[in-house]
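Please open the model in the viewer and follow the stops below in order.

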Amino acid sequence: MGGYTAGHSIRLLEKLVRIPSYSKEEQAVADVLEQYLIEAGGLPQRIENNLILRSKVWKEGRKTLLLNSHMDTVKPHGAWESNPHEAIILKDRLIGLGSNDAGGCLVSLIHAFLNLQNTDTGYNLVLACTAEEEISGKGGIESVWGMLGKIDAGIVGEPTSMQLAVAEKGLLVIDAYTEGKSGHAARNEGINALYLAVDDINRIRNWNFSKESPWLGPVKMTVTMIQSGTQHNVVPAECQYVIDIRVNDLYTFEEIMEELSSELSARLIPRSLRLRPSHLPEDHPLFLTGKALGWNAYGSPTLSDQALIPAPTVKLGPGESARSHTPNEYILFSELEAGLAGYQTFLQKLKSYWS
């Protein structure tokens with residue numbers, strides 16, 4: 001096994017935090033990571049702002065495990081007490097934008113991969129450092145998926161306190177359109193599309209999807225936007241509202257659309273069908289490995305690239321999800337130590353269940 005430690009993770013993470021890497025602006029941070037992997041003896045493949053590196057012990061016909069985390073961040077929000085890109089070391093932590101989400105996971109996965117790339121784990125390893133995760137953009141994991149070869153399973157590096165997120169809610173955003181008939185507000189004429197929308201929204205507010213997941217709970221549906229009308233004295237003929245739906249693993253998006261269409265008066269148009277829910281079966285080797293290590297498993301309400309990977313995955317990494325996208329974001333040195341050690345332990349233990 002190689003000699004990369006949590007100290008290497010801390011130093012690399014300092015470099016990454018100091019480079020702004022907002023979604024679609026990852027070129028500079030990808031340059032740094034590419035050079036880092038080259039200096040570590042690797043030959044990474046660069047596709048736009050994404051990096052792919054395969055382990056040196058590679059045998060055709062074996063199963064392949066993907067190690068994936070993202071290099072992009074959201075833009076800073078809220079009242080930071082310091083420059084979000086200063087990478088402040090304060091006692092037991094590193095403070096800076098992206099340190100927790102998902103820089104700590106990214107550097108820990110990189111060093112776990114480098115430490116194991118010359119080891120026969122019993123399966124092939126491929127590392128993918130990707131872009132545009134924070135916006136679920138098409139220039140990230142989706143853009144390189146076809147170049148990875150056959151992927152049998154994956155670990156998605158996100159802050160989970162090194163617990164196993166074995167299920168993740170999907171996101172379905174629907175634009176809903178009600179259509180009425182315009183008329184003068186002073187007379188009893190027209191069909192008010194806004195009233196039709198309000199009736200729909202009241203139904204949505206009290207809606208309960210019948211199937212509740214043991215991992216992800218119920219489907220959560222919220223109306224978040226509405227737009228209608230042109231002037232105060234005209235009955236609006238059109239109204240648009242937006243429904244945000246967090247879908248559990250017991251429903252397909254098509255089933256959700258069918259159920260809503262049968263009860264609402266609006267015409268429903270989904271913005272995307274890409275970000276689907278996921279669920280790792282309890283008899284999958286990834287699940288069994290975590291169970292053997294005594295690690296807790298749970299269902300995650302937050303979205304990640306897990307939704308875009310068409311293979312069984314577990315979301316796993318150092319840091320806490322609640323710190324993500326918050327002012328003064330940080331990660332503890334102890335979490336980086338646990339992340340690197342935990343990833344390596346998991347990857348070595350996986351051989352007992354998957355080869």
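Of the contacts in the protein with a separation of 6 or more, 80% join residues 24 or more positions apart; contact means heavy atoms within 4.5 Å. This is a predicted model, in which local features need pLDDT of at least 70 and side-chain atom pairs count only at pLDDT 80 or more, while totals for chains, interfaces and linings use all residues. Residues are numbered from 1 along each chain as its sequence is written, and side-chain values use heavy atoms, leaving out hydrogens and water.

Next, select Tyr-123 and Trp-354. Their ring centres lie 5.4 Å apart with the planes at 45°, so the pair is tilted. Rings of Phe, Tyr and Trp (its six-membered ring) pair if their centres lie within 6.5 Å; planes under 30 degrees apart count as stacked, over 60 as edge-to-face and the rest as tilted. Tyr-123 is in the loop between helix H3 (99-116) and strand S6 (124-130), whereas Trp-354 is in the segment after helix H8 (333-350), 231 residues apart. Helices (H or I, at least four residues) and strands (E, at least two) are DSSP runs, numbered from the N terminus. Both Tyr-123 and Trp-354 are buried, that is, under 20% relative accessible area with a 1.4 Å probe, protein chains only.

Move to Trp-207 and Phe-209, a tilted aromatic pair with 5.9 Å centre to centre and 40° between the planes. Both Trp-207 and Phe-209 are buried.

Methods. Buried means under 20% relative accessible area, exposed over 50%, partly exposed in between (1.4 Å probe, protein chains only).
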